[in-house]
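Let's take a friendly walk through a protein model, looking at its aromatic rings and then at its surface. Have the picture ready and follow along.

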Amino acid sequence: MAAKLAGEIADSFSSLQGIAGVDVTLTRQDRAVTLIAVPATTEFEVDTGDVIEYAQSRDFTILAADLVLGGFPSLPKRGDTIRETIDGVETVYSVGAPAGSNHFKFEDPFRTVLRIYTMQTGEG
């Protein structure tokens, strides 16, 4: 039953990728993989003790099975980079989230779809 549901989630997400997906490249050191990601955003609220800071993340949701680096299934690591071209301009994001926050999460109980949180680090 679980495998069937995971397959249905993957099929549904693949349809979403076909409609709203963008090509991105995730790089870790000398390894890279091109993925079809569905972009999103998440707003974070971090209480530093003195003030409450707000940050917005550029998120990329992907099929977890597609994140393969060096021939091995992987999970995102802080410091990985994701490159996305928007209106002809390459934008670079670093995988990470505000202090104390996870840098990724699974979107479903079967670990089929992965949401990666990033912060923009540059263009070009």
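**Rings inside, a patch outside**

With a relative accessible area of 19%, F104 is buried, because buried means under 20%. Keep in mind as you look around that this model is predicted.

How do we describe two rings that sit side by side? A pair of aromatic rings is described by the distance of the centres and the angle of the planes. Searching the whole structure turns up three aromatic pairs. Let's visit two of them.

Start with F44 and Y117, whose ring centres are 5.3 Å apart. Their planes stand at 80°, so this pair is edge-to-face. Now look at where the two partners come from: F44 belongs to strand 2 (residues 31–47), while Y117 belongs to strand 9 (residues 113–123). The pair therefore ties together parts that are 73 residues apart in sequence.

Next, return to F104, which pairs with F106. Here the ring centres are 6.0 Å apart and the planes are at 90°, so this pair is edge-to-face as well.

Finally, let's move to the surface. M1, L5 and F110 form a nonpolar patch there, and together they have about 310 Å² of accessible area. One member, M1, is found in the segment before helix 1 (2–20). M1 has a relative accessible area of 76%, so this residue is exposed; the cut-off for that word is over 50%.

Notes
Residues are numbered from 1 along each chain as its sequence is written. This is a predicted model: local features need pLDDT of at least 70, side-chain atom pairs count only at pLDDT 80 or more; totals for chains, interfaces and linings use all residues. Side-chain values use heavy atoms; hydrogens and water are left out. Patches are made of residues with over 30% relative accessible area and no salt bridge: like charges are joined within 9 Å, nonpolar side chains (Val, Leu, Ile, Met, Phe, Trp, Tyr) within 5 Å. Accessible areas come from the Shrake-Rupley method with a 1.4 Å probe; for residues, only the protein chains shown count as cover. A salt bridge is a side-chain nitrogen of Lys or Arg within 4 Å of a carboxyl oxygen of Asp or Glu. Helices (H or I, at least four residues) and strands (E, at least two) are DSSP runs, numbered from the N terminus. Buried means under 20% relative accessible area, exposed over 50%, partly exposed in between (1.4 Å probe, protein chains only). Rings of Phe, Tyr and Trp (its six-membered ring) pair if their centres lie within 6.5 Å; planes under 30 degrees apart count as stacked, over 60 as edge-to-face and the rest as tilted.
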